[in-house]
Amino acid sequence: MNEVPTKIIVGYADRLSVAPGEMISFMVNVDGEARYRADIVKLISGDWHPRGAGFKEELIATTVNGDYPGRRQDIHPGSFAIVADDPRLAVDSFSLQAMIWPTTPLKGRQTILAKWSVAKNCGFVLTIDEGGALALTIGDGVRTAEVSTGRTLREREWYFVGASFDALPRRATLFQEPLARCLPQDPGVTIGRIVEVSGPARNDAPVTIAGLLSKSPQGREIGVALFNGKIDSPRIAARALSRTEMEQAIRSRPPGDVAPSIVAAWDFSLDFPSQQIPDVSPNRLHGRLVNMPARAMKGYNWSGDEHDWKHAPSQYGAIHFHDDDLYDAGWEADFTLTIPEDTPSAIYAARLEAGADIDYVPFVVRPARQLPTADVLLLLPTASYMAYANEHAAFDSSETEVLSGHLVAYKPEDLFLNEHREYGYSLYDTHSDGSGVCHSSRLRPILNMRPGYTNPWIGIGGSAPWQLNADLHIVDWLEAIGQKFDVVTDEDLHSEGLGLLRQYRVVITGTHPEYYSTAMLDAMRGYLDQGGRLMYLGGNGFYWRIAYHPTLPGVIELRRAEDGIRDWVAEPGEYGGLWRRLGRPPQALVGVGMAVQGFDICGHFRRSEASHNPRAAFIFDGVDEDIIGDFGVVGGGAAGLELDRFDPSLGSPAHALVLASSETLTGLYFPPPEEVNNVLPNLAAPQNPKARGDMVFFETAAGGAVFSVGSIAWAGSLSHARYINNVSRITGNVLRRFRDPRPFVVKDAETQT
Amino acid sequence: MIDPELVAEFLRCPVGHHSPNLQALLNVLRNEPLAGKYVLICLKPHREWILARHSGVRGRPPVPVPGYVFTDIEEAERTVFRLRWKRLTGEELD
């Protein structure tokens, strides 16, 4: 029996990009080994393909290289809210209420609103019990009393729920009412009875929403009894309110006999970008969120009239909590490296070895600010790395093999991520309750952002690199031709904008720069408008709009709204999702845009008549053949996986030259939804002339130029035949001319728009 | 009735350009539910795989099927095709 591989060492860094003189810390989890070895290496190639460039790394002598004690560090996912304890929360009689939209009512005990000490087992908590019904639990420190409605809540229905306790008669009352009154099978239920405890014991626990607070031995905050679903308008009052009074308490200005009793009234429709939840009662018992639940979600009072939360925030006052949300793994640092001042800009990694296992934690050393060390910049698409971070499609969807056209093939990283769901998800995955994952953080091990890693469902036998490891094909090629270059990340571009790019004559993208923030797109647009030269060496770029969090480091948000390839679909609340739908299609930026995808084998490009235009002579210098890239380690060809097409109707410059187009894509290559306005029977590539990739070149008015290959697979052909091949030749020809300061000129009327 | 030529076509070329009829057959064969679905576990990148079946449950590992080790990825595809064919038709393929 063959041993199934597993991982025993994984790590992450607190930064993805670091400049000389700055510090970067590494956090490591080791399971079952007393010690591990750490070394800093420069990454050049992660290609294990038998005909590929090989795995190439260079050991870098640093002060942190050495042996370290191994220790286990765990991840505690799940979002919830914490409101610090306050004397005004010490109540004998009380009311708890909220609007809730449970998504997994039968998953086990789930907290809605609590002031409960896990350590002392006392206080009060409004929960969903094991039977999926609303329940109130009161603990006096010795005994615990619980009252349940006994009626299972339905999934994805809004309920008004509340519970009160009147200490003098020891009477507990609770109700759950579906807001959709048209459902005759559930008219709502109210239960009341005298309980055996005299009231909640005083405790110093905070108020918590959507979970109870436990703590690790190291003092880390851990959510337990976590809730899945939306919560809106939670309230606590210091006396037993009636059901009518609780309804009044939802209002922003409750009547005079109710208002004084309200201890806290949290309004989730305020301060959306923050992780704070404001209490709008006079007490101002503000809280904070843990593990970034989804904010600005449709509330209980959503009318359907407004589809942008910014226009009607009060209707988007729900927070969707998930028991597997994760922002920051929060591990303790094992070692911290100060980047030596003379460190060349490149992609590096902390190589971690324990027993027979090895992990790489990649990071970029960028040049010092305003001090470029080359005229060529490799812009590493780290927003896209984060979008795909720890993607689970090969495990979680039965349709993946149908899509890709071959068996999925798991590697140790994939097996580990399946068993360790706490490591969190990609923007392609769904939470445990089936809702889409809209946040992705890099403050956790990202096991598919590793040199040597290939995707389990892309390419036969899970053979294709994706994102970082695919981009190493470009790094390897630049090294092989002796081209000096700087490296920065999307995060650098997002925070520094055009000023970062304009220091370079040539910018080279990664193979799949799919996710762009507004600031990133503005910077790239500005770079081209000012005469920059862009080599877009990938496919399906500049496609989805994402947002970096304005204050918290290392996390992005995506609303997977209309169109695009979507493994889940966002609820209303923000228009768009695709830059194309938002009126800034990639075709208008780089001449081509997403047109077709397939994941079995790749095709090649065939040169067009236009490729013989004198304007393109420098591109094809030394290339006599018409077939380009009918070789390569990614699917066997340079035209594949995801391909972009020239389309003047979407803004492709009319004077652009379509140099070559893809051929021989298989019947598993299909266009994305935004290319399918009406469903025709000839969707797949062999019958659909629009399902193709185009390679384009155009000059810009400011003397710059753009060269777009429009194919993710392109870079996988660069190293073929020891880098002597027409893909390498064309890419090198373009790079050489793009580095030449002579301006590009759009010459004559024939080539004008 | 399934045209035996489709079987021959697949065995000649398990992944790549397929006739529409073979593609339709593969769409059925590959669309198994997750629980028990055939998957591979890669032991050596690009070189060695074993056969396993999906657990069907998030977080639970796939279960290896003893006796299947592949050093040729196309042979892995052919083997799974034969296994699925037998389940679909009750017949063994040569």
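Q: Two strands pair if DSSP finds at least two bridges between them; which residue in β1(B) is the bridge partner of A:Tyr410?
A: This is a predicted model, in which local features need pLDDT of at least 70 and side-chain atom pairs count only at pLDDT 80 or more, while totals for chains, interfaces and linings use all residues. Residues are numbered from 1 along each chain as its sequence is written, and chains are lettered from A, with ligands numbered from 1, in the order in which they are written. Strands (E, at least two residues) and helices (H or I, at least four) are DSSP runs, numbered from the N terminus, and on that basis β29(A) pairs with strand β1 (residues 38–44) of chain B in the parallel sense, over two bridges. Within β1(B), the residue bridged to A:Tyr410 is B:Ile41.

Q: Which element gives the most to the side of chain A that touches chain B?
A: Counting residues as in contact if their C-beta atoms, placed from the backbone, lie within 7 Å, the contact takes 32 residues from chain A and 33 residues from chain B. On the side of chain A, the elements that give two or more residues are α4 (400–404), β29 (409–410) and α5 (412–419). The element that gives the most, with three residues, is α5(A).

Q: How many charged residues does the side of chain A that touches chain B have?
A: The classes are nonpolar (Ala, Val, Leu, Ile, Met, Phe, Trp, Tyr, Cys and Pro), charged (Asp, Glu, Lys and Arg) and polar (the others, Gly among them). The contact takes 32 residues from chain A, and by class this side has 13 nonpolar and twelve polar residues, while the number of charged residues is seven.

Q: At what angle do the axes of helix α1 and helix α2 of chain B cross?
A: Axes are lines fitted to C-alpha atoms, for helices over the stretch in contact, and angles run from 0 to 180 degrees between N-to-C directions. B:Leu6, B:Glu9 and B:Phe10 in α1(B) meet B:Asn21, B:Leu22 and B:Leu25 in α2(B), a contact with four nonpolar, one polar and one charged residues. The axes of α1(B) (residues 4–12) and α2(B) (residues 20–30) come within 10 Å, and the angle at which they cross is roughly 80 degrees.

Q: What is the radius of gyration of chain B?
A: Along the sequence, chain B follows the pattern α-α-β-β-β-α. The radius of gyration is taken over C-alpha atoms, and the globule rule is 2.2 Å times the number of residues to the power 0.38. For 94 residues that rule gives 12 Å, and chain B is close to it, so it is as compact as a globular protein of that length, with a value of 14 Å.

Q: What percentage of the 753 residues in chain A is buried?
A: A residue is buried if 20 or more other C-beta atoms lie within 10 Å of its own, exposed if 12 or fewer, and partly exposed in between, with C-beta atoms placed from the backbone. Of the 94 residues of chain B, 30% count as buried. In chain A, which has eleven helices and 44 strands, the buried share of the 753 residues is 59%.

Q: Which residue stands opposite A:Phe26 in β25(A)?
A: Strand β3 (residues 23–30) of chain A and β25(A) pair in the antiparallel sense over four bridges. In β25(A), the residue that stands opposite A:Phe26 is A:Phe335.

Q: How many residues lie between β4(A) and β5(A) in their hairpin?
A: β4(A) is joined by four bridges to strand β6 (residues 66–69) of chain A and by six bridges to strand β26 (residues 346–354) of chain A, where A:Asp39 stands opposite A:Arg351. With strand β5 (residues 54–60) of chain A, β4(A) pairs in the antiparallel sense over seven bridges, and A:Ile40 has A:Ile60 as its bridge partner. β4(A) and β5(A) form a hairpin, and the number of residues between them is six.

Note on methods
Contact = placed C-beta atoms within 7 Å. Pairing = 2+ DSSP bridges.
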